[in-house]
Amino acid sequence: MSGFQETERLAEIRIEADTAPPRSPEMQQELDVALFDLREENRFAPLAEAPGPYTLALGLEERALRFEITDALGAPVTSVALPRSVFREAVEDYSAVCARYLGAVRQLPPAEIETIDRDRKMIHDDGAALLARRLEPAARLDHQTARRLFTVLAALCPPA
């Protein structure tokens with residue numbers, strides 16, 4: 001993972017449970033897998049000088065998704081609030097294509113499933129790129145980490 005030091009990673013990801021809305025079983029499974037994968041492998045570095053690895057606490061406010069980052073000693077590094085409205089379209093598109101994919105797996109031929117899966121991956125990549133750009137003033141992360149964090153964001157901010 002070029003460009004990152006070994007300590008430039010998230011050692012822990014916490015979701016502020018009292019702010020998280022209820023999720024469908026499928027979305028809960030996606031969230032659990034994304035969190036597991038994030039804990040196993042990620043590249044994340046706050047732009048503020050602080051010793052890693054880091055802890056990321058995610059929470060929802062009325063109109064924002066809050067990222068609270070602490071260093072290896074538990075000291076606050078930075079806090080970022082991203083407007084939920086910025087991600088609304090990406091999350092709606094991602095949720096819709098995931099629902100289409102789940103339905104397709106049960107009844108469509110492989111070629112049609114592959115087309116929907118390609119669309120799902122493209123929308124996921126777009127959402128991950130948007131999240132990485134919005135976090136850019138505070139932290140840098142690799143593409144896989146951005147994808148997994150976007151999955152977490154989609155689970156925390158389901159479409160209305």
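Trainee: What makes Arg 140 count as lying over the face of Phe 4?

Mentor: Good place to start! This is a predicted model, in which local features need pLDDT of at least 70 and side-chain atom pairs count only at pLDDT 80 or more, while totals for chains, interfaces and linings use all residues. Residues are numbered from 1 along each chain as its sequence is written, and side-chain values use heavy atoms, with hydrogens and water left out. A charge sits over a ring if NZ of Lys or CZ of Arg is within 6 Å of the ring centre and within 35 degrees of the ring normal. Arg 140 lies over the face of Phe 4 at 4.2 Å from the ring centre, so the distance passes the 6 Å limit. Likewise, the charged end of Arg 120 is 4.5 Å from the centre of the Tyr 101 ring and sits over it.

Trainee: Why are Tyr 94 and Phe 150 called an edge-to-face pair?

Mentor: The search of the whole structure finds one aromatic pair. Its members are Tyr 94 and Phe 150, 5.5 Å centre to centre with 70 degrees between the planes. Rings of Phe, Tyr and Trp (its six-membered ring) pair if their centres lie within 6.5 Å; planes under 30 degrees apart are stacked, over 60 edge-to-face, and the rest tilted. So 5.5 Å makes a pair and 70 degrees makes it edge-to-face. Tyr 94 belongs to helix α2 and Phe 150 to helix α4, 56 residues apart (helices, H or I, of at least four residues and strands, E, of at least two are DSSP runs, numbered from the N terminus).

Trainee: Are Cys 98 and Cys 157 buried or exposed?

Mentor: Buried means under 20% relative accessible area, exposed over 50%, and partly exposed in between (1.4 Å probe, protein chains only). Cys 98 has 7% relative accessibility, so Cys 98 is buried. Cys 157, at 11%, is buried too.
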